[in-house]
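This briefing goes through selected helices, cores and backbone features of one model, grouped by topic. Please keep the sequence and the structure open alongside the text.

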Amino acid sequence: METASQLPFGEALRETLGEPAPGPSLLESSPRSRVWRIELRGRPAVLKQLVEAPEADERYAREVAALRIAGRAPGSPVVPALLGTDPAERVLVLEHLDHRRPAAEWIVDYATALARLHSTGGPEDAGSLPRWQGPSAADVSSFLTLAATFGISEGPGVRDELNALVDRLGRAEGTALLHGDPCPGNDLHTPDGVRFIDFEQASLGSGLMELAYLRVGFPTCWCVTRAAGPLLERAEAAYRTAWHAETGTPLPDAGLADACAGWLIRGDALVQRAHRGSTDHLARLPHEDWEWGTATARQRLVHRLGVVAATTADHGELRRLRVLAADLRRALLDRWPALRPVPTRRP
């Protein structure tokens with residue numbers, strides 16, 4: 001166990017927050033950070049340090065900026081309070097929160113909190129965080145190559161349809177504060193409501209890109225889950241109600257199908273962050289399957305194909321993708337009939 005004197009807790013933090021009590025506890029965290037539970041002036045707090053690694057400074061800047069933006073939420077908070085920072089050491093000191101096991105229908109409260117988080121961003125935040133980045137033309141090619149591998153012809157107009165999708169997603173309007181990885185585990189279910197942590201991938205954009213997580217099964221997350229139809233409808237309605245209450249504007253009806261389709265064609269949404277950008281993961285699928293958290297890559301893809309086929313039923317601009325998605329899903333299940341649906345319950 002480390003002593004308080006060994007913590008990355010510099011003089012500037014001591015002057016502001018006082019001396020940490022003896023006996024800090026190292027907590028579980030990703031390889032990109034070290035996290036401790038500490039005590040300051042008789043109250044628990046969390047100390048997080050981003051370790052030296054590529055893009056560590058950028059990830060730290062994103063997290064600090066996002067926490068400050070989200071801290072403006074009126075009413076009940078949606079993030080822990082940011083108590084102090086030390087940019088030179090990439091250190092944040094945060095309010096400690098008590099997390100309790102989420103209720104069976106946790107996704108409804110989660111959706112409400114996600115909408116409130118998104119609503120804290122605004123035009124005045126331009127430049128403090130990067131814009132959300134969608135799929136690329138390379139993702140389109142990889143997805144269509146995968147379909148061809150299973151004997152599914154792209155057909156006339158499909159590539160143009162998908163390239164137009166990429167263009168629409170790249171131009172999607174919005175200044176919502178996007179978490180970047182709003183996964184089960186990055187949501188703390190406290191007695192006072194849901195709060196989000198770990199904003200190293202935060203950006204600004206359309207909230208629909210993360211509302212889509214509820215349908216496509218949390219595409220950047222180790223913990224894939226699917227909500228039954230009525231529960232999903234309640235959660236999406238809760239998001240829309242909270243968004244309208246916080247912003248005074250209704251959420252646009254258009255765009256959710258695009259967002260779901262965008263997550264479908266991204267091969268990097270089949271692997272954990274450390275492996276993204278390294279290879280064409282869709283090209284791996286015909287020859288290998290791999291587990292990540294609660295589901296395998298093939299399970300994830302089959303789920304997303306089904307979601308997109310259903311979500312685009314009334315979407316004229318994605319009518320060809322709807323057919324292709326349904327055909328490819330059927331081909332995958334014919335090849336691997338033992339594939340099980342992704343789980344309905346989070347661990």
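The axes of H4 and H5 cross at roughly 145° and come within 9 Å of each other, where axes are lines fitted to C-alpha atoms, for helices over the stretch in contact, and angles run from 0 to 180 degrees between N-to-C directions. Helices (H or I, at least four residues) and strands (E, at least two) are DSSP runs numbered from the N terminus. This is a predicted model, in which local features need pLDDT of at least 70 and side-chain atom pairs count only at pLDDT 80 or more, while totals for chains, interfaces and linings use all residues. Residues are numbered from 1 along each chain as its sequence is written, and side-chain values use heavy atoms, with hydrogens and water left out.

**Helix H4 and its crossing with H5**

- The crossing of H4 and H5 is right-handed; a crossing is called right-handed if the near helix is turned clockwise from the far one by less than a right angle, and left-handed if anticlockwise.
- On the H4 side the contact (heavy atoms within 4.5 Å) is made by Ala-137, Val-140, Ser-141, Phe-143 and Leu-144, and on the H5 side by Val-158, Arg-159, Leu-162, Asn-163 and Val-166.
- These contact residues of H4 with H5 divide into seven nonpolar, two polar and one charged, where Ala, Val, Leu, Ile, Met, Phe, Trp, Tyr, Cys and Pro count as nonpolar, Asp, Glu, Lys and Arg as charged, and the others, Gly among them, as polar.
- The 13 residues of helix H4 (residues 137-149) should span 18 Å at 1.5 Å a residue, and its end C-alpha atoms are 19 Å apart, which agrees; the expected span is 1.5 Å times one less than the number of residues.
- Buried residues of H4 include Asp-139, Val-140, Phe-143 and Leu-146, where buried means under 20% relative accessible area, exposed over 50% and partly exposed in between (1.4 Å probe, protein chains only).
- The buried residues of H4 pack against helix H5 (158-170), helix H9 (256-264), helix H10 (281-284), H11 and H12, and just after H4 a positive phi of about 80° is taken by Gly-151.

**Helices H11 and H12**

- Helix H11 (residues 297-311) packs on helix H12 (residues 319-335) at an angle of about 145°, with the axes 8 Å apart, and H11 passes H12 in a left-handed crossing.
- Among the residues making this contact are Leu-301, Val-302 and Leu-305 of H11, together with Leu-321, Ala-325 and Leu-328 of H12.
- The contact residues of H11 with H12 divide into 11 nonpolar, one polar and two charged.

**Nonpolar cores**

- In soluble globular proteins, nonpolar side chains tend to be buried together.
- The largest nonpolar core has 92 residues, and those with the most contacts inside it are Leu-117, Phe-143, Leu-162, Leu-214 and Leu-328; a nonpolar core is a set of buried Ala, Val, Leu, Ile, Met, Phe, Trp, Tyr and Cys residues joined through side-chain atoms within 4.5 Å.
- H3 contributes the largest share of this core, nine residues, whereas a second, separate core of 11 residues includes Phe-9, Trp-36, Leu-40 and Leu-47.
- Leaving aside residues up to four places away in sequence, Leu-214 touches Ile-107, Tyr-110, Ala-111, Leu-232, Ala-235 and Glu-236.

**Helix H2**

- H2 has 15 residues and reaches 21 Å from its first C-alpha to its last, close to the 21 Å expected at 1.5 Å a residue.
- This helix is mostly covered, with 11 of its 15 residues buried, including Tyr-60, Val-64, Leu-67 and Ile-69.
- The buried residues of H2 pack against S3, S4, S5, helix H3 (106-119) and strand S6 (176-178).

**Individual residues**

- Glu-55 has a positive phi of about 65° although it is not a glycine; Glu-55 sits in the loop between strand S3 (43-50) and helix H2 (56-70) and is exposed, with a relative accessible area of 54%.
- Arg-90, also not a glycine, has a positive phi near 55°; Arg-90 is found in the loop between strand S4 (82-86) and strand S5 (91-95) and counts as buried at 11% relative accessibility.
- Val-91 lies in strand S5 and counts as buried at 0% relative accessibility, and its C-alpha atom is separated by 42 Å from that of Leu-162, 71 residues apart along the chain.
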